[in-house]
Amino acid sequence: MFKIDFSDQKFRAIIIQTIVVGLLAYGLYWIVQTTAYNLEKRNIATGFGFLNDPAGFDISFSPFIKFVATDSHFAVYLVGLANTLLISVIGCIAATFMGFFVGIIRLSSNWLLSQIAYVYVEITRNIPLILQLLFWYALLINLPRVKNSIAIGETFFLNNRGLNSPQPIFGENFIYVTVAIVIAIIVSIVFSRWAKRTQETTGKQYPVVLINFASVIFFPLIVYFISGSPLDFENPELKGFNFVGGMKIPPEFVAMFLGLSIYTASFISEIVRAGILSVSKGQIEAANSLGLRQNVIMNLIIIPQALRVIVPPLTSQFLNLTKNSSLGIAIGYADLVHGFGGISLNQTGQAIECMAIVMATYLTISLTISFFMNIYNRAIQLEGR
Amino acid sequence: MLSFNWIRQNLFSSWTNSIITVVLIYFLASIIPPMFDWLFFEATWIADDRTGCTSDGACWAIIGARFYQFMYGFYPTEEVWRVNLVYALLPFGILPLLWDKMPFRKQFLIFAIVYPFLVFFLLYGGPGLTAVASNKWGGLLLTLFLGLGGIIIAFPLSIFLALGRRSEMPAISAICVVFIEFIRGVPLITLLFFGSMMLPLFLPEGLDIDTVLRALVAVIIFQAAYGAEVVRGGLQAMPKGQYEAAQALGLSYWQMNLKIILPQALKITIPALVNTAIGLFKDTSLVIVIGLLDLLGIGRAALADTKWMALHVEVYVFISVIFFIFCFGFSRYSLYLEKKLNTDNDSENK
């Protein structure tokens with residue numbers, strides 16, 4: 001006969017889990033029922049059919065995909081996704097460089113320099129990002145009018161409509177240069193691996209960095225000139241009341257770029273600082289006593305060990321930046337949340353579908369980034385012995 | 001500290017350092033005096049509207065004119081003593097949690113438990129007090145309500161989630177993992193939208209939650225997921241021997257966690273928890289996208305007033321200073337805790 005024994009842990013675990021899962025399932029069922037009732041009562045359509053309906057509104061910023069008002073809501077989604085990814089990628093790159101720069105400055109032996117870096121870090125990371133975005137945006141749209149643009153060099157012009165910069169024009173033959181770059185990168189990876197293996201087996205060293213650097217720079221450059229310099233820059237020119245030619249970067253994008261990268265850089269700088277400080281002094285002293293040169297100590301002793309500490313939190317900063325790019329809605333940057341999660345949602349009234357798609361997209365981006373960073377992280381971690 | 005030797009070692013230790021120092025001093029000398037002129041010396045402090053600000057400096061008059069809104073939002077003037085009481089009692093509600101050597105700490109801790117309920121009662125009204133709808137709340141009041149409310153209510157939830165994630169029951173741990181990773185994978189804005197637009201669809205008619213509470217729910221869920229990961233870190237840092245010893249003594253799961261594991265694990269996670277709390281406090285300003293008027297929202301409303309147009313810098317600087325005071329204060333506190341914990345451990349090791 002089946003015996004009920006509550007002191008048996010396994011049995012208790014099964015009972016508890018059954019109850020929890022049952023309650024959860026019932027709760028979900030109840031929510032679905034209520035929602036279906038509410039939706040029907042309010043005459044809100046369901047399903048994803050609206051994705052094919054024409055959007056009926058314009059998106060001002062769409063550098064990659066051509067978008068007109070008659071395009072579908074799905075096109076709105078794609079444009080938003082592209083803009084989110086664009087600002088995230090550019091922001092992450094800028095924030096990483098700035099963060100490493102500031103983090104190293106913070107450790108400078110010059111007291112004044114490190115204090116300035118400290119003040120920068122404390123100010124930027126203790127003020128809400130959305131406030132910083134609004135601040136940059138307010139500064140940008142209160143810049144002089146187009147006629148009195150602030151010229152940076154002869155090619156960049158900053159005014160209240162954004163930034164006018166030269167536009168690269170790729171000729172037909174530019175494809176060869178792209179191929180050359182790809183080949184050069186592949187060759188240098190293979191070469192690095194080979195050089196490392198050679199060093200491990202024979203002890204012979206090659207100037208890997210120098211050779212790779214030369215091959216990645218010079219090979220595409222030679223191809224570039226052979227194929228007849230297929231890259232031109234079209235400079236913006238002031239004609240009448242506006243600039244003609246060149247790239248027009250709207251103030252929303254510039255504000256997002258400044259806000260996201262400056263904010264995230266302060267967090268990254270602290271991570272970098274902690275990473276470098278985590279390398280024990282004995283390591284550096286040992287390297288010094290072996291007579292290694294300073295740059296060798298930096299490249300072979302400090303950086304590889306610091307990176308192990310730096311990479312995991314750096315990943316979460318990239319994730320944060322990507323998620324924070326959703327704040328663009330506050331200043332009207334046409335990202336995923338603003339275009340699809342905002343305007344499309346309001347027009348179609350299908351809040352559940354729109355938010356579900358937006359959330360699923362962010363979730364996918366987050367999981368993808370952490371997946372790849374985990375692979376990288378595993379590659380640089382200390383191998384257990 | 002400022003001896004000749006110190007200056008030589010820290011500012012002019014080498015040629016490059018000397019050049020950097022000189023350039024930086026020149027840079028600071030050309031930036032700081034005009035900044036102070038603008039902020040203080042040439043600023044206008046009292047004026048009736050924008051045209052009253054004739055000097056070159058900042059026009060702080062806008063802050064004075066809107067000070068009530070910045071502090072209380074649109075809370076009725078005759079009831080504002082209730083908000084002031086909440087503000088006045090705030091130190092007694094929070095300090096006992098943060099300061100372990102506070103005089104009469106035990107008594108104040110009891111008050112700290114009562115305080116959140118008192119806040120709800122005072123702000124919303126109830127028996128004996130006129131009801132004040134939450135759409136009248138705003139400014140610093142709303143920022144603190146969402147920030148501190150979110151942090152305090154989310155704390156126990158994050159402990160449960162962390163314990164659940166580490167549970168040996170696969171169904172419980174799976175539910176917690178999915179919940180935590182989902183919340184951490186999406187931006188807070190989408191959760192706020194979720195709360196403001198979708199929550200009403202999920203609930204039966206008649207069960208109406210006001211906008212502020214919906215935002216609070218979103219904030220709590222968000223903070224609970226992030227806090228759970230921090231607590232989990234603390235739980236993982238516990239040596240296995242602690243669990244084994246507790247089990248060997250025959251303690252039950254809850255006895256083991258409440259009496260042995262959590263007191264130690266939470267102690268080492270407090271600095272990190274304070275850091276996530278700072279993040280959340282800053283993030284509460286996102287509620288402006290769902291139309292709530294927190295500090296930033298009130299600031300934006302002030303900017304839209306034709307009487308005070310184009311004073312963006314003044315308003316944003318003012319709000320930044322308030323946020324900075326809170327966040328910087330708390331980050332100093334977390335540093336102090338970290339140092340204290342380190343010395344505690346050292347003394348144990350000796």
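1. Domain bounds, as used here, come from an automatic or database domain assignment. The model is predicted. For chain B the assignment gives domain 1 (15-52) and domain 2 (61-75 + 132-349).

2. The two domains of chain B have C-alpha centres separated by 36 Å. Their contact joins seven residues of domain 1 of chain B to five residues of domain 2 of chain B. On the domain 1 side, three of the residues are nonpolar, two polar and two charged.

3. Chain A is assigned domain 1 (9-43), domain 2 (73-153 + 251-380) and domain 3 (167-234). Between domain 2 of chain A and domain 3 of chain A, the distance of the C-alpha centres is 28 Å.

4. The contact between the chains involves 43 residues from chain A and 41 residues from chain B. On the chain A side, at least two residues each come from helix 1 (9-41), helix 3 (111-125), helix 4 (129-141), helix 10 (336-348) and helix 11 (351-380). Helix 1 of chain A has the largest share, eleven residues. By class, this side of chain A has 30 nonpolar, eleven polar and two charged residues.

5. The largest nonpolar core comprises 142 residues, and L133(A) and L192(B) have the most contacts inside it. Helix 10 (residues 211-237) of chain B contributes the largest share of this core, 14 residues.

6. Which residues does L192(B) touch, leaving aside those up to four places away in sequence? They are A215(B), A218(B), L286(B), V287(B), V289(B) and I290(B).

Notes
Residues are numbered from 1 along each chain as its sequence is written. Chains are lettered from A and ligands numbered from 1 in the order in which they are written. This is a predicted model: local features need pLDDT of at least 70, side-chain atom pairs count only at pLDDT 80 or more; totals for chains, interfaces and linings use all residues. A nonpolar core is a set of buried Ala, Val, Leu, Ile, Met, Phe, Trp, Tyr and Cys residues joined through C-beta atoms within 7 Å. A residue is buried if 20 or more other C-beta atoms lie within 10 Å of its own, exposed if 12 or fewer, and partly exposed in between; C-beta atoms are placed from the backbone. Helices (H or I, at least four residues) and strands (E, at least two) are DSSP runs, numbered from the N terminus. Two residues are in contact if their C-beta atoms, placed from the backbone, lie within 7 Å. Ala, Val, Leu, Ile, Met, Phe, Trp, Tyr, Cys and Pro count as nonpolar, Asp, Glu, Lys and Arg as charged, and the others, Gly among them, as polar.
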